[in-house]
Amino acid sequence: MKAAAYIRVSTENQVGEDRYGLASQRADIEAYAAREGHEIVYWFSDEGISGGTLDRPGLQDVMSHAGEFSAVLVAKTDRLSRDLMMTLWIEKELLKAGVEILSVSEPFRGQDPANVLFRQIIGAFAQFEKSRITERMSGGRKQKASRGGYA
């Protein structure tokens with residue numbers, strides 16, 4: 001099966017040859033593709049861009065090339081989006097083009113009701129996790145500023 005691969009990290013601190021995020025995602029996707037017999041025809045990436053927005057060049061390229069491949073491979077579903085409604089929209093638009101999202105680390109594929117539900121639950125947890133991260137970072141910045149530091 002012809003597939004595209006999509007990788008993403010949220011912050012500039014996660015980008016670079018010496019960083020774990022992108023290289024790890026790429027290695028996981030390559031191993032999965034080899035194991036499952038998928039031919040990766042495109043690599044798309046967004047480096048240092050939040051999963052809470054659709055305004056990402058790599059994601060836009062995935063959407064515009066949909067139909068030139070049968071699947072989008074991701075290391076984890078939350079690499080596509082950290083917002084449940086966005087995740088559902090992306091999945092629906094890709095399905096219209098005959099493209100399935102395949103997650104290396106989450107085995108729920110296909111359109112049977114149980115797998116659809118599990119993917120939606122994963123999307124909801126991704127959004128929850130993003131909200132918690134934002135909450136913790138905001139608290140840390142406030143604490144640092146209260147002590148006279150630069151937040």
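Me: A salt bridge is a side-chain nitrogen of Lys or Arg within 4 Å of a carboxyl oxygen of Asp or Glu. Which residues are linked in a network of salt bridges here?

Reply: Lys-76, Asp-78, Arg-79, Arg-82 and Glu-129. Bear in mind that this is a predicted model, where local features need pLDDT of at least 70, side-chain atom pairs count only at pLDDT 80 or more, and totals for chains, interfaces and linings use all residues. Residues are numbered from 1 along each chain as its sequence is written, and side-chain values use heavy atoms, with hydrogens and water left out.

Me: OK. How many salt bridges does a search of the whole structure find?

Reply: Six.

Me: Take Asp-78. What does Asp-78 pair with?

Reply: Arg-79 and Arg-82. With Arg-79, the closest N and O atoms are 3.0 Å apart. With Arg-82, they are 3.4 Å apart.

Me: Is Asp-78 buried or exposed?

Reply: Buried, at 6% relative accessible area. Buried means under 20%, exposed over 50%, and partly exposed in between, using a 1.4 Å probe and protein chains only. Arg-79 is buried too, at 11%. Arg-82 also counts as buried, with 11% relative accessibility.

Me: And where does Glu-129 come in?

Reply: Glu-129 forms a salt bridge with Arg-82, with the closest N and O atoms 2.9 Å apart. That pair links distant parts of the chain, 47 residues apart. Glu-129 sits in helix H4 (residues 113-146), and Arg-82 in the loop between S3 and H3. Element names follow DSSP runs, numbered from the N terminus: helices are H or I with at least four residues, strands are E with at least two.

Me: Is Glu-129 buried or partly exposed?

Reply: Partly exposed, at 36% relative accessibility.

Me: Step back. How many helices and strands?

Reply: Four helices and four strands. From the N terminus on, they run β-α-β-α-β-α-β-α.

Me: What about the nonpolar core? Which residues have the most contacts inside the largest one?

Reply: Tyr-6, Val-62, Val-72, Leu-80, Ile-90 and Leu-94, in a core of 14 residues. A nonpolar core is a set of buried Ala, Val, Leu, Ile, Met, Phe, Trp, Tyr and Cys residues joined through side-chain atoms within 4.5 Å.

Me: Which elements supply at least two residues each?

Reply: Strand S1 (2-9), helix H2 (57-65), strand S3 (71-74) and helix H3 (84-96). H2 gives the largest share, three residues.

Me: How much of the protein counts as buried?

Reply: 34% of the 151 residues. The accessible surface comes to about 8,700 Å², and 54% of that belongs to carbon and sulfur atoms. Areas come from the Shrake-Rupley method with a 1.4 Å probe, and for residues only the protein chains shown count as cover.

Me: What share of the contacts join residues at least 24 apart?

Reply: 70%, among contacts between residues at least 6 apart in sequence. Contact means heavy atoms within 4.5 Å.

Me: Now the rings. How many aromatic pairs?

Reply: Four. Phe-44 and Phe-69 make a tilted pair, because their centres are 6.4 Å apart and their planes are at 55°. Rings of Phe, Tyr and Trp (its six-membered ring) pair if their centres lie within 6.5 Å; planes under 30 degrees apart count as stacked, over 60 as edge-to-face, the rest as tilted.

Me: Where do those two Phe residues lie?

Reply: Phe-44 is in strand S2 (residues 39-47) and Phe-69 in the loop between H2 and S3, so the pair ties together parts 25 residues apart in sequence. Phe-44 is buried at 7%. Phe-69 is buried at 3%.

Me: How do the rings of Phe-108 and Phe-118 sit?

Reply: Stacked, because their centres are 4.7 Å apart and their planes are at 20°. Phe-108 lies in the loop between strand S4 (100-103) and H4, and Phe-118 in helix H4. Phe-108 is partly exposed at 25%, and Phe-118 is partly exposed at 38%.

Me: Which residues do ring pairs link into a cluster?

Reply: Tyr-42, Phe-44 and Phe-69.

Me: Last one. What lies over the face of Trp-43?

Reply: Arg-26, at 3.9 Å from the ring centre. A charge sits over a ring if NZ of Lys or CZ of Arg is within 6 Å of the ring centre and within 35 degrees of the ring normal.
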